[in-house]
Amino acid sequence: SPTPTADTVSPIPTASPTLSLVPTSSSAPTLDCTCCDCTHSSGCNPDPHYYSWSNDFYDFQGGCDQIAIDNPLLQLQIRTRPRNFYSTITEVGLLMKATGEVFHMNTTDPPTNSITTDANVVMNSFNGFDITFNADTSSFIRVTNYFGNIAIQVTGKGFIFSDSEGMFGSWNFGGVRFRNGTLFDTSGGWAATRERSIELALDWMVPLDESLFITPSDVC
């Protein structure tokens, strides 16, 4: 008779399931900005009347090349010059820091522009130009020539304007501040600030070697 053989024995199942490798993970990228989704406005109208991100109002009735906005992405420079009993913006320069591209406009010459990488410059219906930003298309800088007087309107979010300091105010901390962070007194509004705002303009004066204007000036 045939020799009996042992039944084939399957391996005893393990008491714990086989574990797959744990997938690697990294934290989602974060935006290095303050109040990223907040929308604020700042700017300067002829005479010139300044208004800040936190809606503070003041005047500077003098001639000076000033840094209006400075942050890690861009710098906006403005030139004011006296006109009889008032002053006005006569020249504007915008620098995109990552590329070195520049937009320039004054009240007499055709504007020049090399900004194409991170922003777009288009003529608007107000005898001026709108600069919009690829990273946030709702943010813009509008530069308008009103019969030889330049007005600037800036509206945007922290994606673009976080960390901004300058004559247009402090995005992160509110108010209008000197370079060292000291708050400039805007009490009394336009009329009351005319006599004391020269100190602010001097503090934010554009250094000659950083000027975006056709003829750099240390007049202030």
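A residue counts as buried when its relative accessible area is under 20%, as exposed over 50%, and as partly exposed in between (1.4 Å probe, protein chains only). With 6% relative accessibility, Trp53 is therefore buried, and Phe161, at 0%, is buried too.

Welcome to this predicted model, in which local features need pLDDT of at least 70 and side-chain atom pairs count only at pLDDT 80 or more, while totals for chains, interfaces and linings use all residues. Residues are numbered from 1 along each chain as its sequence is written, and side-chain values use heavy atoms, with hydrogens and water left out.

Next come the aromatic rings. Rings of Phe, Tyr and Trp (its six-membered ring) pair if their centres lie within 6.5 Å; planes under 30 degrees apart are stacked, over 60 edge-to-face, and the rest tilted. The count is 12 aromatic pairs, including these:

| Pair | Type | Centre to centre | Angle between planes |
|---|---|---|---|
| Trp53 and Phe161 | tilted | 5.1 Å | 40° |
| Phe133 and Phe161 | edge-to-face | 6.0 Å | 85° |

Helices (H or I, at least four residues) and strands (E, at least two) are DSSP runs, numbered from the N terminus. Trp53 sits in the loop between strand S2 (49-51) and strand S3 (57-59), and Phe161 belongs to helix H1 (residues 158-161), so their pair ties together parts 108 residues apart in sequence. Phe133 lies in strand S10 (residues 128-133), so its pair with Phe161 in helix H1 links parts 28 residues apart in sequence. Phe133 and Phe161 are both buried.

Elsewhere, one aromatic cluster is formed by Tyr50, Tyr58, Phe168, Phe178 and Phe184.
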